[in-house]
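The sequence and structure come first.

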Amino acid sequence: MLRRATVALTGLALAAGTLATTASAADTTGADSGAVLAAPADFPVRVNQLGYLPDGPKRATLISSATAPLAWQLRDATGAQVSSGTTTVRGADQASGQSTHLVDFGGYTGTGSGFTLVVSGQTSHPFDISAALYDGLRTDSMSFFYQQRSGIAIDAGLVGGEYARPAGHLGVAPNKGDTSVPCQAGVCDYRLDVRGGWYDAGDQGKYVVNGGIATWQVVNSFERARRSGGDAALGDATLRVPERGNGVPDVLDEARWELEFLMRMQVPAGKPSAGMAFHKMHDTEWTGLPTRPELDDKQRELHRPSTAATLNLAATAAQCARVYAPYDSAFATRCLDAARRAWTAAEADPNALAPATDNAGGGAYEDADVSDEFYWAAAELLATTGETRYRDAVTTSPHHTKPADAFWWGGTGTLGRITLATVPGVTLPADDLTRVRGLLTAAADGHLSTMAAGGYAVPIPVTGYGWGSNSAVANNAMTLAVAYEITGAQRYRAGALESLDYLLGRNALDHSYVTGYGERASENQHHRFWARQNDASLPHPPAGSFAGGPNAGLDDPVAKERLNGCAPAACYIDDIGSYSTNEVAINWNSSLAWLAAFAAERRGLPATPAVQVAPAAVTVPEGGAASVSVRLSAAPAQSVTVTVSRAAGDQDLTATTGSTLVFTPADWAAAQQVSVSAAQDGDTVAGSATFTAGGTGVSAATFTATEADDDVAPPRASCAVTYRVENSWGNGFTATVAVKNTGASAISGWTLGWAFTGDQRISSAWNATVSQSGSTVTARDAGWNGTLAAGASASFGFQATYAGVNAAPARFALNGAICS
């Protein structure tokens, strides 16, 4: 069951913020009794207040100055002890100033609700252990976006009566937009319809650069789930959106609402800066708190186009073209057109930078370096089109070889790296792909090291508690999850899940930053409509809303007044006025939704992948080479090496290029080529060999190679053959073969032979008896058509299957002699 907060705790953060100082001071007194240092109302045993996955890490943090391990017990809902052990002393946690112990109860494999951890008489909040733990959060974190939609009425039937509201900003009084929005003075002389999209955060502005990363994360969550086989959980009729039941995955329906807005922000053809994207759109002055969207009476304005916004559009629209193609080809085509135009426009105007001073009525979202956006956009366009111009832009970018840095709306290079590393079939050299994946895993290893150094396993350093620190935690957890996809190493999955532990209560404040999830959860986030703290007629934020988190900068008046002197990890207060610690934002919820979808996937023991080779038999010209393609039948749990070697047969046949192949969990389906060569020899024997393709963790496959000997020229016959494909479909075809006697005398009884160059397999034939061994085919007359007078012909047909290229045979032999 979900453990949801039911009471307001607006004073909690202040109390917990002073706890760090109190505990630290007490620790210096020499207390060594094992007593837990905390305020009486506090829970010093810090857990994920939602719970833990049965197959995931199960760790908690204890605040204690004890210098020796302490005994702990795990108790079920009845109070019975189900597991026990001793803590590991961790000592001072720099970010919180608290003395900590680690409680690791990962050895317990049971499930249920109402578990508690007890250490030295102190009891944790109750929590669950369940494989379904994150199902609700996966749905609620995505519902946030529907409820942030602009330009559509929010349906009570989907969200409940208190969250229903009329459509905002459709030009219905007192609204003045967004159906016909003017530009700021001097920016343009026309108006634009920029309805729709998501309100950015607690305000009601709409920003392309923040919408870009949020949209990418929402769509990427589906793209990743589709690779892992978990996309059904994000499919049609899985979310509370009005489009459910339309045959399109609901998560893509939701992202499309923002994609349509992003494309409306593109400067129309024929206008100055055509193809660029306006940077943002919001009120001319800051909207008052609280203000329902439909009651906003301020004028809206378009702000001048920027290169950063244009590249965000190029990247997300290119991703759209790739992911939406199976569901709406027309929309995918429109996205790709918008992406291409945006890329071209950005190349033509690479230095249109948004100024930091443009912050009246909305955030400036300034960005002085857009080289990372160029890399990201090029990576998305390359993954979608495979075109050389985008590959060149990727490989010549300085970001292509730089370490994978933490990403955010102003630093998007690693989004491009994730796409290059995980989308199957990206046309980059193998060494480049290996390096990019190595950069991501190296970044993930860095996050794990940071987590191991602290008392709360947080993937950000002590200096990382800035504006939106919770988003930084979730984004770095995404990198850990990507490293798990690339390598299959469980330590990365564990790191991603422990990051969720932090966000849901295992932290310095004993506080869940997600509304509705945890005994002590945020419920007064900064928002114009979800503003119960300011107006009792308005609701609290809905379940699944994600607070920005601790911010040592104290960048708002409430934080400055009430959090002065806080330790970095304790600089948070659940107050609607603290916008620098407690605002919501689409790019914060998008990282939470991505992470929740990852955590919610059921992960049973994977089936052993089988090696697949096509064709199963190949003819190799003497002195030459032929190739076969190798792939796996399913994703491996971790990277596997497949070795191709001769098992038996003619030693003149050898696997050369591609004899060692590496398949990762991200690219198991991408076929890799193996070249088999036949040495030049002096014999007249057409040798053959059997090859094995296998390795640890996969089921092996075999294929045969036959040498086409060229030492003795075969005899020639007076005949001609016509081979014609009559009909072809997906993976099958029918063909007619006609053999003509071009000699001066009759032929009594005929046998026609040939070898396919691909993996064609004949399933039936007529007017001849046809057999096939490997790639070699033999067709014998049917009796009644066995005599061929001079100049006469006989024809027969067959049906066959194939994959790849369906090439016609190169030559035919009649009764053992080659037709001339």
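His-526 is buried, because its relative accessibility is 8% and buried means under 20% relative accessible area (1.4 Å probe, protein chains only). The model is predicted: local features need pLDDT of at least 70, side-chain atom pairs count only at pLDDT 80 or more, and totals for chains, interfaces and linings use all residues. Residues are numbered from 1 along each chain as its sequence is written, and side-chain values use heavy atoms, with hydrogens and water left out.

An unreviewed UniProt entry lists His-526, Asp-574 and Glu-583 under "active site"; such annotations may be inferred rather than shown by experiment. These residues spread over 58 residues of sequence, yet they cluster in space, with a largest C-alpha distance of 9.4 Å.

His-526 sits in the loop between α13 (490-503) and α14 (557-562); helices are DSSP runs (H or I, at least four residues) numbered from the N terminus. Beyond four places in sequence, the contacts of His-526 include Gly-202, Leu-289 and Glu-583, where contact means heavy atoms within 4.5 Å. Asp-574, in the loop between α14 and α15 (579-582), is buried at 1% relative accessible area.

The structure holds four disulfides, each defined as a pair of cysteine sulfur atoms within 2.5 Å. Three of them, among the four, are tabulated.

| Pair | S to S distance |
|---|---|
| Cys-183 and Cys-188 | 1.9 Å |
| Cys-320 and Cys-335 | 2.1 Å |
| Cys-566 and Cys-571 | 2.0 Å |

The link of Cys-566 and Cys-571 is right-handed, with 100° about the S-S bond. In sequence order, the bonded cysteines pair 1-2, 3-4, 5-6, 7-8.

Technical notes
Helices (H or I, at least four residues) and strands (E, at least two) are DSSP runs, numbered from the N terminus. Buried means under 20% relative accessible area, exposed over 50%, partly exposed in between (1.4 Å probe, protein chains only).
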